[in-house]
Amino acid sequence: MILNKKVYLVPRNIHELIAPTGNIYESTVIITKRAKQIAMHMKDELDRKLEEFMSITEEKDSIDVQRQYEITQHYEKLPKPVLEATTEFLEGAIAFRYIHEAT
């Protein structure tokens, strides 16, 4: 069986993930929060691009439908937010800080 899909799953060295924080759970939380930011940015961008098609109510042609499809396909082919966030984290491009409660 030959798969022509791009493989996004790659093994990661757990020691590299732990190094910046000293704790795998803290690293996971940081990556998750950044992935949510990336996903929200992508969603807002996609919504803005598709909004221009929503203003046309009765005048939808096959060209507009095709253009909407192309825009959607473009965003589906982009790397997943978790992969982008993990790469940023491993490269040291994510700044994080701890908020300690005063007791």
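Phe-89 comes out as buried, at 3% relative accessibility (buried is under 20% relative accessible area, exposed is over 50%, and partly exposed falls in between, using a 1.4 Å probe and protein chains only). The model is predicted, so local features need pLDDT of at least 70 and side-chain atom pairs count only at pLDDT 80 or more, while totals for chains, interfaces and linings use all residues. Residues are numbered from 1 along each chain as its sequence is written, and side-chain values use heavy atoms, with hydrogens and water left out.

Phe-89 sits among the buried residues of helix H4 (residues 81–91), along with Pro-81, Ala-85, Thr-86 and Glu-88. Looking down the axis of H4, these buried residues fall within an arc of 165 degrees, so they line one face of the helix; the arc is taken from the directions from the helix axis to the C-beta atoms. Helices here are DSSP runs (H or I, at least four residues), numbered from the N terminus. After H4 comes Gly-92, with a positive phi near 80 degrees.

What does Phe-89 touch beyond residues up to four places away in sequence? The list is Leu-17, Pro-20, Thr-21, Ser-27, Ile-30, Ile-31, Ile-94 and Phe-96, where contact means heavy atoms within 4.5 Å. One of these, Ser-27, belongs to helix H2 and is buried as well, at 1% relative accessibility. Setting aside neighbours within four places in sequence, Ser-27 is in contact with Leu-17, Ile-18 and Thr-21 as well as Phe-89.

Phe-89 also turns up in the largest nonpolar core, which has 13 residues; Ile-31, Leu-46, Ile-71, Tyr-75, Ala-85 and Phe-89 touch the most other members. Such a core is a set of buried Ala, Val, Leu, Ile, Met, Phe, Trp, Tyr and Cys residues joined through side-chain atoms within 4.5 Å. Helices H2 (24–54), H3 (62–77) and H4 each put in at least two residues, and H2 gives the most, with seven.

Then there are the rings. A search of the whole structure turns up two aromatic pairs (rings of Phe, Tyr and Trp, the last by its six-membered ring, pair if their centres lie within 6.5 Å; planes under 30 degrees apart are stacked, over 60 edge-to-face, and the rest tilted). Phe-89 and Phe-96 make a tilted pair, 6.4 Å centre to centre with 35 degrees between the planes. Phe-96 and Tyr-98 pair edge-to-face, at 6.0 Å centre to centre and 90 degrees between the planes.

On the charged side, the structure holds two salt bridges, each a side-chain nitrogen of Lys or Arg within 4 Å of a carboxyl oxygen of Asp or Glu. Glu-88 bridges to Arg-34, with the closest N and O atoms 2.6 Å apart. Glu-88 lies in H4 and Arg-34 in H2, so the pair ties together parts that are 54 residues apart in sequence. Arg-34 is partly exposed, with a relative accessible area of 25%. Asp-47 and Lys-43 form a salt bridge at 2.9 Å, N to O; both lie in helix H2, four residues apart, about one turn of the helix. Asp-47 is partly exposed at 33% relative accessibility, and Lys-43 is partly exposed with a relative accessible area of 45%.
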